[in-house]
Amino acid sequence: MNNSLRNIGIQQQLNPAMNNMPLMFNNNKGKPLISMNTPDDRKEETPTSTTNQENPMLGGGMMPMGFPGLGFPTPMMGPDPNMMMMGPMMGVNQFGGFMGPVGPGMDPNMQSHIPREIITLKSCSLYPPPPGAPPRSHREKPPGCRTIFIGGLPDTSTEEILTEVFESCGPITSIRLSKKNFAHIRFQISESSDRALFISGYRMKIENKDDKPNTGRIHVDYAVARDDQYEFECQQRALAREMRHRQSIEEARLRPPSPPPVIHFNDHESTNVLEQLKSDDNFVKASQVLITWLERGDCVRKTANSFFSMIQASNSHVRRLLNEKQQFEEELQRAKLNFRQQIEGILKQFNQIDKIFTAALKQRCWDHFSKAQRKSLDLWNKQAKEMLISQQEEFLNDREEDEMDLSDDQDDDIETSSSKRKRVETGAIDVVASLKEENDSLKCQLEGYKNEIDLIKQDSQNALDAKDTQLKALQNALQAMQQQLMAAQKSKQTVDDQSSEKDDVIIIKSEEDRDETESTTSQQVIDKELSLEIIPVLKLGTETGEVTSSGINLNPKEAKLLGLICCFLHVHPFGATVDYLWSYLNQLENMRPREVEDLLERFPMLFKQIVHGVGASIERRWNFCGYTNLIS
């Protein structure tokens, strides 16, 4: 299960359409080493101390089972992303020992469970670590790693000895031996570095000597090499390029073919297109070329004659197309006539079957059949009649449609006398049905018109009632105005009498004071006129507390405001705006401008609105017109 999931993850990484991760580098550089086994694995580990003498199955000098590093290099298949798919290896080492399944597809941690034995070579011997010793730790393998680090080498170790020890892990590319008892070995394949980790922890003895220069405990670990990283990146890029190439090939294979390009206009091509337009087979292709040339703008004064010839050749196909259409229509009519004849033959056979059942149901034949036979005959008779009726109706409907088509196309030669009579009958039936439908629609329209008339009458009656109420209100207002006018005339008469008496008294005075007396008397006359003008018109109600006149009701506040407005506008002969009036009246009593305007509009016989100014300076002013109305 884990291997299958790992294979799916590796395939997703290799697919450039699904892999969005950057190129992989060694992110664990400088970090502490990772142990090959956990402490739990160490507890479960059983000590193995088998030697060549304890294992009777292996001869002296033979390689024990379980060392993967010294077998013959065999290509293996396993889920490694660096070298595609490599698998486990089963082989025999150079000394005849059997190798375990340790390869690139196996976890290096599993190597600790494989029993380790003494490895004897020509120039040296390798002794395994004690059974209870802890496993050697190593760093995480960098991507594409093919180089290993070998530490703890003896002082007398050489490249030949290292080659002899590690050549069984895989083909070696280069060996770099340092003077400080460590070396770097680079293999040709990445799996060889995994096999070489098995030797980590072994003690090397050169020529079986125990002195310090010839002895050392080997430590093997992955090395971080720029060459390995560069080659791994190159492999990844190559795989991505190959995948993109395959995808582009697949997309190109699935892409629909593009139409061939249209040739450019010239005299030679125009001649070829003209010949193709004249032929019936190549007309469609040549017409597309001609349309493309016209849309490109190749038709100029110099090439107009050539284009005219091609358009003329295209127009010559109109008559041919009409003739072909007529031929197809004639073939369709013949096919319809043949179909009608065949259907008529089928209907005749249905009629014969119906006659057979009619003859069989007569009394002289019916009495000779049994009860079961009679039931069958009744059932068959009903079925035959139903089929006959349905076929006749279908045939008649088809014939009516055909006759309608023939009448539209004016093909009277094909119709027979019976079909004409049938068409007349069906036409009369259709006319009657259409007349009925028209009559019903007219009835509906008439009902709608009646409803509309009733609504109009009701609306007109409501409008008349409203007008009557308005007229009554206007009559009441006129009566009130007449009474006010009569009272104003009487007050004027009294004022005239008083002014004449005062004039007689003033004449007696000296001529020196005449001008002053005249001015004072005129001012007194005006004041008395105002007082006399208002007093007879308005009467205070004792009970209700309202100022009343005939048709007009005023409360004390409105009466006071009315008198103030009359005095204010009389002093301003050119009129004043509502805001100006409100600013004056608001000092005397709190009120709103709308109340002032409503009061002015209620007395059109006293106040009149006049527009002053031009353009942006237009103002609506109110003037006092009570005296002008009296004089008129």
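**Exercise 1. Surface and overall make-up**

Solution. The model is predicted: local features need pLDDT of at least 70, side-chain atom pairs count only at pLDDT 80 or more, and totals for chains, interfaces and linings use all residues. Residues are numbered from 1 along each chain as its sequence is written, and side-chain values use heavy atoms, with hydrogens and water left out.

Next comes burial. Of the 632 residues of the protein chain, 29% count as buried (under 20% relative accessible area; exposed is over 50%, partly exposed in between, with a 1.4 Å probe and protein chains only).

Then the contacts (heavy atoms within 4.5 Å). Among those in the protein chain with a separation of 6 or more, 63% come from residues 24 or more positions apart.

Last, the secondary structure comes to 17 helices and 17 strands. These are DSSP runs numbered from the N terminus: helices are H or I with at least four residues, strands E with at least two.

**Exercise 2. The open sheet and its helix**

Task: Give the strand order of the open sheet of 4 strands, and find which helix lies across β7, β8, β9 and β12.

Solution. The order is β8-β9-β7-β12, with antiparallel pairing; two strands pair if DSSP finds at least two bridges between them. The edge strands are β8 (172–177) and β12 (219–222), each of which pairs on one side only. From one strand to the next, the twist averages 20 degrees.

Now take one pair. β8 and β9 (residues 182–187) run antiparallel and are joined by 5 bridges. Within this pair, I172 stands opposite F187 of β9.

The helix is α3 (residues 159–166), which runs at about 135 degrees to β8. Axes here are lines fitted to C-alpha atoms, for helices over the stretch in contact, and angles run from 0 to 180 degrees between N-to-C directions.

**Exercise 3. β5 and its two partners**

Task: Which strands pair with β5, β4 on one hand and what other strand over 4 bridges?

Solution. Strand β4 (residues 119–120) runs antiparallel to β5 (residues 124–127) and is joined to it by 2 bridges. A hairpin of 3 residues links the two strands, and I119 has L126 as its bridge partner in β5. The other strand is β10 (residues 203–206), antiparallel to β5. There C124 has I206 of β10 as its bridge partner.

**Exercise 4. The nonpolar cores**

Solution. A nonpolar core is a set of buried Ala, Val, Leu, Ile, Met, Phe, Trp, Tyr and Cys residues joined through side-chain atoms within 4.5 Å. The largest one has 27 residues, and those with the most contacts inside it are L126, I148, V165, F166, I185 and M204. Two or more residues come from each of β5, β7, α3, β9, β10 and β12. The element that gives the most is α3, with 4 residues.

Another core lies apart from this one and has 20 residues, including C566, L581, F603 and W622.

Not counting residues up to four places away in sequence, I185 touches R146, T147, I148, I150, L162, F166, I172, S174 and I175.

**Exercise 5. Helix α7**

Task: Compare the reach of α7 with its expected span, and list its buried residues.

Solution. α7 (residues 283–296) has 14 residues and reaches 20 Å from its first C-alpha to its last, close to the expected 20 Å. The expected span is 1.5 Å times one less than the number of residues. F283, A286, S287, V289, L290, T292 and W293 are buried. Their cover includes α6 (267–278), α8 (304–315) and α9 (317–360). After α7 comes G297, with a positive phi near 90 degrees.
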